[in-house]
Amino acid sequence: MRTFHVCQIFYLLFLLVVSQLCSVSSWKKDEFRNCNQTPFCKRARSRKPGYCSLIATDVSISDGDLTAKLIPRNPFQESLENEESSEKTKPLIVSLSAYQDGILRLKIDEDPSLDPPKKRFEVPDVVMDEFLNKKLWLQRVSEEKIGDDSGFSSVVYLSDGYEAVLRPDPFEVFVREKGGKRVLSLNSHGLFDFQQLRMKKEGEDWEEKFRGHTDSRPYGPQSVSFDVSFYGADFVYGIPEHATSLALKPTRGPGVDESEPYRLFNLDVFEYVHESPFGLYGSIPLMISHGKSRGTSGFFWLNAAEMQIDVLGSGWNVESLISLPSDQNRIDTLWMSEAGVVDSFFFVGPGPKDVVRQYTSVTGTPALPQIFATAYHQCRWNYRDEEDVQNVDSKFDEHDIPYDVLWLDIEHTDGKKYFTWDRVLFPNPDEMQKKLAEKGRRMVTIVDPHIKRDDSYHIHEEASEKGYYVRDATGKDYDGWCWPGSSSYLDMLNPEIRSWWATKFSYENYVGSTPSLYIWNDMNEPSVFNGPE
C-alpha cells in the first residue's frame, strides 16, 4: 500500500512537471514581433542621449496657445546625417495649451501649410467637449535664461502653483512648481524624433515584412519617439495591459535582465507569459508616477498606433553629457510609436486622486454600473440550450447560492451571427429571459465587432450596401478571420456608422431581446486570427 502511495505521488509530480512544460510551450514566442523585429522600436532604441538636433523658433502667443516651430539647429549638417531620407526636414508646429486644474497639453505635428502627402492620423472622439471649454487663454509669456543656454526660454502660467516652460535650444518642454522644482519633462535627454511623411522616390523600398505579411508603407516610416522624465518619483505605474507587477519594472539599464519594452498593441492572447512586458487586450498610454518627496504626477499620450515604452533604470544614461537637476529622484522613460502625432497631456497632481481627476476630465469618467452589475455573474463557454440554462439556474436555487446574471457566449447565435438566436437550441429567448426576470435576474448576450460574411445575414448585407466596412489597401472590404470564419469589420471611427450600429440594439431590431437583457460588448479591440500576429 505504501508503494502504491509513493507511485501516486511520483505520478502526480510527473503530471505537474508536464503541465508546466505544456504551459511554457503553449507560448508561441515566434508568432509575435519583438522590438528588434519592429523597425520603429529598433531605430528609437538605438539613439543616444542628445540625438535630437531640433530647436524651437518663432515662439509666440496665438489663439491663447504658446506656439513655435521646430527646425534643425544646423540644416546642412542635419541633411548629411539623415540616412533615411535625402529630403530636407520641414518645420514642425508646436503648441502648448493650458487648462484648468493644472493640465498642460502639448501638440507637435507637421505643418499643414507645407502640403504634406496626407494628414497624419489624430485620435477623434476621446477628449471631452467640457474639457476643451476649460482652456486658459494665455495672454503673455515671460522669458528666462536657463543655465548656459544661449537663448531665452518661454514661461507661461499653468495654475496658481505651476508653470510650463518651453526651452528652445536644446528643445525641451517641462512643467515645474512655480519658480521651483520640476514635475514632468519631455525631451530632456534629447531623444525626440518625428519622421515626416513623404512620397516614395524611384528605387526606395519601405516595405516591412513579418511572417509572410507585408506593410507597404506608401508614405514611408512615420514613427514618433521621445523621452519623458518624472521628477520626485520612486515608482511609475499604468500603461495597461500587461501581466506584470503594478509598479513597472525597468526594461533597460544596468542590471536589467528584461530587454523588451512594454508593448501597447492589442492582442487576443489567451495564453501568455507572466512577469512580461508583452501587450495584451487593452492599451492605455497613461503613466502615473509617485514618490515620497514630490507626490504624484501623470503623462498621457493620445495616440492609437502601436507603441513601445521603456522604463529606464538608474544609470541608463551614465555616458550622457546632459545635465539634469540632481536634487530630485527621477524616473526616465522612452515612448516610441509607429505613427500618429504628439498629442500629450501633463498632469501635475500633486496627489493620486488629483491625477485621476485631471485625467478623467480629459477623457471622461466611466459610466456608473448598475447595482446588479456588481453582484455575482455566472458565465461560461457555452450553455448548450434553454434547458441547460434552466438547469443551471435551478441548481443555484437548490444550493442556495445567490447570483444575479447569467451570460450566453457566441454559441447561442445562429451560426455566430450576432443579434440572432439559434432557433433550435434557443427557440423562445424572450420567455427564457422572462423566467429569469421573475426571480430578479438578468441575462447577458455577447456581441462582437466582427461581422460574418454571409449574404443571408441581414447586418452583413446592409453594411456591405452602405459601404460601412473597413477597407484594405485595394479599396475592397477587409476580409479577416475570426470566430465566425470570414469576417469584416465596421469602421467605428465614422459617427454615421456608430449611430447605425447603435440601432441594432433596439428591441425592434434585436428580435428576442427584452428589458432584462444586457449586452456583453466583447473584443472591443477587434481581433483578426489570420493577421501577422
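Phenylalanine 529 sits in the segment after strand E28 (517–521) of this predicted model. At a relative accessible area of 37%, Phe529 is partly exposed, because that value lies between the 20% and 50% cut-offs.

**The annotated region**
- An unreviewed UniProt entry annotates residues 366–532 as "domain: Glycoside hydrolase family 31 TIM barrel".

**Helix H7 and its buried side**
- Helix H7 spans residues 429–437, and its buried residues are Pro429, Met432, Gln433 and Leu436.
- Those four lie on the same side of H7, because they cover an arc of only 95° around the axis.
- In an α-helix there are 3.6 residues a turn, so residues three or four places apart point the same way.
- The cover over the buried residues of H7 includes helix H6 (386–398), strands E23 (405–408) and E24 (442–447), and E28.

**Backbone spots worth a look**
- Most peptide bonds are trans, and most residues other than glycine have a negative phi.
- Proline 240 and glutamate 241 are joined by a cis peptide bond with omega about 20°; glutamate 241 is in the loop between strands E15 (235–238) and E16 (262–264).
- Another cis peptide bond links glycine 349 to proline 350, with omega about 15°; proline 350 falls in the loop between strand E21 (342–347) and helix H5 (352–363).
- Aspartate 58 has a positive phi near 50°, lies in strand E1 and is exposed at 54% relative accessibility.
- Arginine 217 also has a positive phi near 50°, but is buried at 9% relative accessible area.

Note on methods: Residues are numbered from 1 along each chain as its sequence is written. This is a predicted model: local features need pLDDT of at least 70, side-chain atom pairs count only at pLDDT 80 or more; totals for chains, interfaces and linings use all residues. Side-chain values use heavy atoms; hydrogens and water are left out. Helices (H or I, at least four residues) and strands (E, at least two) are DSSP runs, numbered from the N terminus. Buried means under 20% relative accessible area, exposed over 50%, partly exposed in between (1.4 Å probe, protein chains only). The arc is that of the directions from the helix axis to the C-beta atoms. Contact means heavy atoms within 4.5 Å. UniProt positions are given in the numbering used here, feature names are shortened, and annotations may be inferred rather than shown by experiment.
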